[in-house]
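Colleague: I would like to learn how to read this kind of structure. Can we go through the features one by one?

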Amino acid sequence: MARGCLQGVKYLMFAFNLLFWLGGCGILGVGIWLAATQGNFATLSSSFPSLSAANLLIVTGTLVMAIGFVGCIGAIKEHRCLLLTFFVMLLLVFLLEATVAILFFAYTDKIDRYAQRDLKKGLHLYGTPGNVGLTNAWSIIQTDFRCCGVTNYTDWFDVYNATRVPDSCCLEFSESCGLHAPGTWWKAPCYETVKMWLQENLLAVGVFGLCTALVQVLGLTFAMTMYCQVLKADTYCA
C-alpha cells in the first residue's frame with residue numbers, strides 16, 4: 001500500500017517539477033532574448049544599473065530551472081536528500097517573497113521617496129555616453145505614458161541648466177521640440193502616472209502573485225508528502 005502511494009506521488013511530483021523546469025526555461029529564454037535584442041533598454045535606476053528586465057528574467061529563470069531540476073531528480077530517484085533540498089530551496093524562495101511583499105507594503109512611503117530621489121538622480125545620466133539604455137528607457141516611458149520628468153517637467157531644467165526638456169516630452173514630436181514653450185510639453189508626472197497605471201492593473205498583479213504562491217505551496221506539499229512516503233516505504237521494506 002505504501003509503495004503504491006509512493007508511486008502515485010512520485011509521478012505527480014515529477015510532472016509538476018517538469019512543468020516547473022520548463023517554465024524556468026521559458027523565463028530564461030525570454031531574458032536572453034531581451035538581453036540580445038533589447039540590450040539598449042536597461043533600467044531607470046542610477047543606483048542599480050544592472051537591475052534590468054532582462055537580468056531579472058535571466059536570474060529568475062535560472063533559479064526556477066535549478067529548483068525544478070532538483071525536484072525532478074529527487075522524485076524520479078526517490079532520493080530523500082534531494083527531496084529535502086528541493087523543499088528547503090522552495091521554502092526559502094517563498095519566505096523571501098513573503099518578506100519582500102510585507103516590507104514593501106510596510107514602507108511604501110519611504111520606498112516612494114527613495115525611488116523618486118533615485119530617478120531624479122538618474123535624469124542627469126540622460127543622453128550621456130555609456131547610458132544609452134537609460135536614455136531609451138526614459139524616452140519610451142515619456143512617449144508611451146504621455147508624461148514628462150519624475151514629478152513634473154521642471155525636473156529636466158536642472159539636467160540641462162536651461163528651460164528645456166527631451167523631445168520625448170513633446171505633445172507633438174519634432175526635432176528640437178523640447179526647446180519650445182512649456183505649453184507644447186506633457187504636464188503629467190511620470191512617477192505618478194506609472195504608479196496609477198500599476199494600481200489600475202492591481203487585480204492582474206494580485207492574481208499573478210496568488211497563482212505563484214499557490215504553485216509554490218503545491219510544490220512544498222508534494223515534496224513533503226513524497227519525503228514522508230519514501231521514509232514510510234523504507235521503514236516498511238526494512
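Colleague: Where is Glu 78 placed?
Modeller: Glu 78 sits in the loop between α2 and α3. Keep in mind that this is a predicted model.

Colleague: How do I read its backbone?
Modeller: Most residues other than glycine have a negative phi. Now the case here. Glu 78 has a phi near 55°, a positive value in a residue other than glycine.

Colleague: Is Glu 78 buried or exposed?
Modeller: Buried. The cut-off is under 20% relative accessible area, and Glu 78 has 18%, so Glu 78 counts as buried.

Colleague: Which other residue has a phi near 55°?
Modeller: Asn 161, again a positive value in a residue other than glycine. Asn 161 lies in the loop between α6 (155-160) and α7.

Colleague: Is Asn 161 buried or exposed?
Modeller: Exposed, with a relative accessible area of 70%.

Colleague: Let us turn to charged pairs. How many salt bridges does the structure hold?
Modeller: The general idea: side chains of opposite charge can pair when their charged atoms come close. This structure holds two salt bridges.

Colleague: Which side chain meets Glu 78 in a salt bridge?
Modeller: That of Lys 10, at 3.4 Å from N to O. Lys 10 belongs to helix α1 (residues 2-37), and Glu 78 to the loop between α2 (53-77) and α3 (80-106), so the pair ties together parts that are 68 residues apart in sequence. Lys 10 is buried too, with a relative accessible area of 9%.

Colleague: What about the pair of Lys 195 and Asp 112?
Modeller: Their side chains meet in a salt bridge at 2.7 Å, N to O. This pair also links distant parts of the chain: Lys 195 is in helix α7 (residues 190-200) and Asp 112 in helix α4 (residues 108-123), 83 residues apart. Lys 195 is partly exposed, at 25% relative accessible area. Asp 112 is buried, at 14%.

Colleague: Now helix packing. At what angle do α2 and α3 pack?
Modeller: Two packed helices are described by the angle between their axes and the distance between the axes. For α2 and α3 the angle is about 150°, and the axes are 8 Å apart. Angles over 145 degrees count as roughly antiparallel, so α2 and α3 are roughly antiparallel to each other. Their crossing is left-handed.

Colleague: Which residues of α2 and α3 meet?
Modeller: From α2, Leu 63, Ile 67, Val 70, Gly 71, Ile 73, Gly 74 and Ala 75. From α3, Leu 82, Leu 83, Thr 85, Phe 86, Met 89, Leu 90 and Val 93. By class, the contact has eleven nonpolar, three polar and no charged residues.

Colleague: How do α5 and α7 cross?
Modeller: The axes of helix α5 (residues 132-145) and α7 come within 11 Å and cross at roughly 65°. That makes α5 roughly perpendicular to α7. The crossing is left-handed. Trp 138, Ile 141, Gln 142 and Phe 145 of α5 make the contact with Cys 190, Thr 193, Val 194 and Trp 197 of α7. By class, six residues are nonpolar, two polar and none charged.

Colleague: Next, single residues. Is Asn 17 buried or exposed?
Modeller: Buried, at 0% relative accessibility. Asn 17 is in helix α1. Leave aside its neighbours within four places in sequence, and Asn 17 is in contact with Ile 67, Gly 68, Gly 71, Cys 72 and Phe 86. Ile 67 and Gly 71 of α2 and Phe 86 of α3 also take part in the contact between those two helices.

Colleague: And what does Ile 111 contact?
Modeller: Ile 111 is in helix α4 and partly exposed, at 33% relative accessibility. Beyond its neighbours within four places in sequence, Ile 111 is in contact with Leu 103, Phe 104 and Tyr 191.

Colleague: How far apart in space are Ile 111 and Arg 164?
Modeller: They are 29 Å apart, C-alpha to C-alpha, and 53 residues apart in sequence.

Terms used
Residues are numbered from 1 along each chain as its sequence is written. This is a predicted model: local features need pLDDT of at least 70, side-chain atom pairs count only at pLDDT 80 or more; totals for chains, interfaces and linings use all residues. Side-chain values use heavy atoms; hydrogens and water are left out. A salt bridge is a side-chain nitrogen of Lys or Arg within 4 Å of a carboxyl oxygen of Asp or Glu. Helices (H or I, at least four residues) and strands (E, at least two) are DSSP runs, numbered from the N terminus. Buried means under 20% relative accessible area, exposed over 50%, partly exposed in between (1.4 Å probe, protein chains only). Axes are lines fitted to C-alpha atoms, for helices over the stretch in contact, and angles run from 0 to 180 degrees between N-to-C directions. Angles under 35 degrees count as roughly parallel, over 145 as roughly antiparallel, 65 to 115 as roughly perpendicular and the rest as oblique. A crossing is left-handed if the near helix is turned anticlockwise from the far one by less than a right angle, and right-handed if clockwise. Contact means heavy atoms within 4.5 Å. Ala, Val, Leu, Ile, Met, Phe, Trp, Tyr, Cys and Pro count as nonpolar, Asp, Glu, Lys and Arg as charged, and the others, Gly among them, as polar.
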